[in-house]
Amino acid sequence: MKKFTNLNTYYKLLYLIIGTSVFFFLLYISLYIYTIQQENHVYKSTITQYNNEVKSLFELSSSKNKTTIEDVTFWDDLVKYTTTKDKVWFDNHITKEFESYEVDYIGIYDINKKFISNITTSKVNIKDFIPKGVMVNLNKTKYLKFYLRIPEGIVEIYGATIHPSNDPKKVKSKPSGYFFMARLLDGNYFEYLNKISSSKVKFLGKNELAEDEKDMIVTSLNLLDYKNNVVSKLLFKRPFNLNYRNTKDILTIIIIASIFNILIYLYYSKRWVYKPLQLITNILESGNRKSISDLKLASGEFGHIGELFEENDHHKLQLKIAKEKAEESDKLKSTFLANLSHEIRTPMNAIVGFSDLLDNSQLSEEEKNNYLKIIINSGNGLVSIIEDLIEMSKIDANQITPKIKGFNLELCLNELFETTKVTIPKGKKIDFHILESSNPISRNILTDETKLKQILINLITNAIKFTDNGFVAFGYNFNEKEGKLEFIVKDSGMGIDQKHLSEIFNRFHRIEDDFSIELSGLGLGLSITKAYVEMLGGSITVESVFKKGSIFSFTIPLNYDNIENKVKTSKTKNAFINNVQQTILVAEDDKINFLLLKKILELKNYIVLRAENGQEAVEICKNNSGIDLVFMDIKMPVMNGYEAFEIIKELKPNLPVIAQTAHSSIEDKEKVLSSGFTNYITKPLDKEKIYELLDNIFQNSN
């Protein structure tokens, strides 16, 4: 006993729990064994009884048809009919009495197994479906019941040989033919079985096994064909609940034992647990450090709890530091929002201000053109800011996922070079070129081509923005052993100060100096670029020397495409001259947007019709055969652009339909094109792009 009192609290409680647990374990084992024995006994006897009951009821449901076919098939007139095939006799004696047989099919075959005639209900459409092998078996057995699957479902078939009336046992004479009755196992049949068996009955696949269910007894019957092969199964289920009178007595014993056990726990827990808990209460209420020290001196788990309280103080300090960081982040967001307000208001100021100046009738043409250029450039800058914000929001919401496919990297980089080269401002003296790889990749690679292009475009345009004289170049290297593909973008521009290098990929940081203040933008381009690189499974780094230039490099996994795609050769486009006035339907609910697109189209002598919603667009296309092309706004009342497009493509599969959308992200464009639209334009509308698009479409159609 003295050794026991010297144990720490853990072992004291452990011994107590072991002792009481053994007691309850033995008690519950006795209850469990008793319950299992009783349950197994009752369940087995019930299952056996249920199986016998189901078989008896199933045979009972077939007894009437069995009796009927046995009575009918020793009938002299029927023997005669197998030879004469008298239709009048069949109609008078079989057809008129068909309903009284309560089956869905009656068929008669002659002794040569050839079909003579039949009559069916509306449930069965096939007239000759009895296998010849059945009749071979009937020559031996005289009567046969089997099941068969036909297009209408599973049928229960009763077959018998036909004999004269003086041979009721069918042993004196040879068969004159074969008589078959069949009923379809449909809803009415199952309703009848449900009623007589007080069960839920349904089909079970021939290879499926009847599974036991809680509070249910289950059995199944095999439905056999004439070869004794399983066609299907019938599953019978009936509720089954056990109720034992002895359970209450056992529970009473358990309750009394539990009360006794609780009293023991109360007595010893007061001695072994109460004092440490008092210390814990003092700590929680006042944070008393002396109580923490006392609790740490306690043996066992309470001493460990004291150490945890000490660690908790340390965590509070860490939380304080984290709070300060959060407040700093909040300040950065506030700075970002202030910068956002400035960047939006700057182009808006130019748009509103110079639009107001254009109202002056005394302006010269040169002044008007200059003002218009400022308005257009400011509008494009505003659109760029909004698109960056939307893209960053989609990245944060995990709405962007890479679309991996194979493509030719060399061809991709050359296309990127050609499209970027023409965007370099004429005032900049930049040598823009591709860094030739000493060992070019000859196979197609697997990654998201669109995201890869966007990463490179962001880095290249950034380099061009900060370089007035010198060079901007890009290229790649690869390491097959490490499975890495590295891209490089380098320039000889302004470079980045070392103190800002760690911040340039942060979305809420924007470098403020004399040079960058002159340039617009939110500073989200590199944040988006970094997110795209990580999305492709890579990482990005930067090296820079202030006023000498920068080198951005990023790596992505190198994966080859095992299915090589043939490179499509581009066809030379000829200039298209619009000699015929085409009619264009513009589906647009917004009046201002429609008016703008209408004016753009009328400058090229197109005839313009309008639909204010998708439903009107469908009706106009249906009733007007002279429409050559449709501009379809995606978001419209009554019926949206996608729904209207589906209907129009069914009416006029060859009619070009161009989607108009205010959503300009890569994912939105891919969704439009994958839906089957001929092409798409984004808002705000670009007049020259619209003309180029129309020229290509009408040129190809001609």
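**Notes on the predicted model**

1. In β13, the residue that forms a bridge with asparagine 477 is glutamate 486. Once neighbours within four places in sequence are left aside, asparagine 477 is in contact with Ser437, Leu485, Glu486 and Ile488. Proline 440 is 37 residues away from asparagine 477 in sequence, while the C-alpha atoms of the two are 8.1 Å apart in space.

2. β12 and β13 are antiparallel and share 8 bridges, and in their hairpin, which has 4 residues between the strands, glycine 483 adopts a positive phi near 70°. On to the next pair: strand β13 (residues 484-491) is joined to strand β15 (residues 549-557) by 8 bridges, and these two strands also run antiparallel. Within that pairing, lysine 484 has proline 557 of β15 as its bridge partner, and phenylalanine 487 stands opposite phenylalanine 554 in β15.

3. Which strands make up the sheet, and in what order do they lie? The sheet is open and has 5 strands, ordered β10-β12-β13-β15-β14, with mixed pairing. The edges are held by β10 (429-435) and β14 (539-545), and each of these has a single partner strand, so one side of each is left without a neighbour in the sheet. From one strand to the next, the twist averages 10°.

4. Helix α14 (residues 449-465), for its part, lies across β10, β12, β13, β14 and β15 and runs at about 20° to β13.

5. Is serine 544 buried or exposed? Its relative accessible area is 8%, and serine 544 is therefore buried, the limit for that class being under 20%. A polar atom of the serine 544 side chain lies 2.7 Å from the backbone nitrogen of isoleucine 496. Not counting residues up to four places away in sequence, serine 544 touches Gly495, Ile496, Gln498, Leu501, Gly549 and Ser550.

6. Helix α15 (residues 525-535) has as its buried residues Leu526, Ser527, Ile528, Thr529, Ala531, Tyr532 and Val533. Just after α15, glycine 537 takes a positive phi of about 85°.

7. On the cysteines, how many disulfides does the structure hold? The number is 0. Cysteine 412 counts as buried at 1% relative accessibility, and cysteine 621 is likewise buried, with a relative accessible area of 1%.

8. Elsewhere in the chain, glutamate 213 is found in the loop between β6 (200-204) and β7 (216-224), where a relative accessibility of 38% makes this glutamate partly exposed. Leaving aside neighbours within four places in sequence, glutamate 213 is in contact with Val218 and Lys237. Lysine 237 is 24 residues from glutamate 213 in sequence, and the C-alpha atoms of the two lie 8.9 Å apart in space.

9. Finally, some totals for the chain as a whole. There are 20 helices and 20 strands, and 38% of the 702 residues count as buried. Among contacts with a separation of 6 or more, 66% are between residues 24 or more positions apart. The chain exposes about 42300 Å², of which carbon and sulfur atoms supply 54%.

Key
Residues are numbered from 1 along each chain as its sequence is written. This is a predicted model: local features need pLDDT of at least 70, side-chain atom pairs count only at pLDDT 80 or more; totals for chains, interfaces and linings use all residues. Side-chain values use heavy atoms; hydrogens and water are left out. Two strands pair if DSSP finds at least two bridges between them. Axes are lines fitted to C-alpha atoms, for helices over the stretch in contact, and angles run from 0 to 180 degrees between N-to-C directions. Contact means heavy atoms within 4.5 Å. A disulfide is a pair of cysteine sulfur atoms within 2.5 Å. Buried means under 20% relative accessible area, exposed over 50%, partly exposed in between (1.4 Å probe, protein chains only). A polar contact is a pair of N or O atoms within 3.5 Å; within protein, one must be able to donate a hydrogen and the other to accept it, and residues adjacent in sequence count only if both atoms are side-chain atoms. Accessible areas come from the Shrake-Rupley method with a 1.4 Å probe; for residues, only the protein chains shown count as cover.
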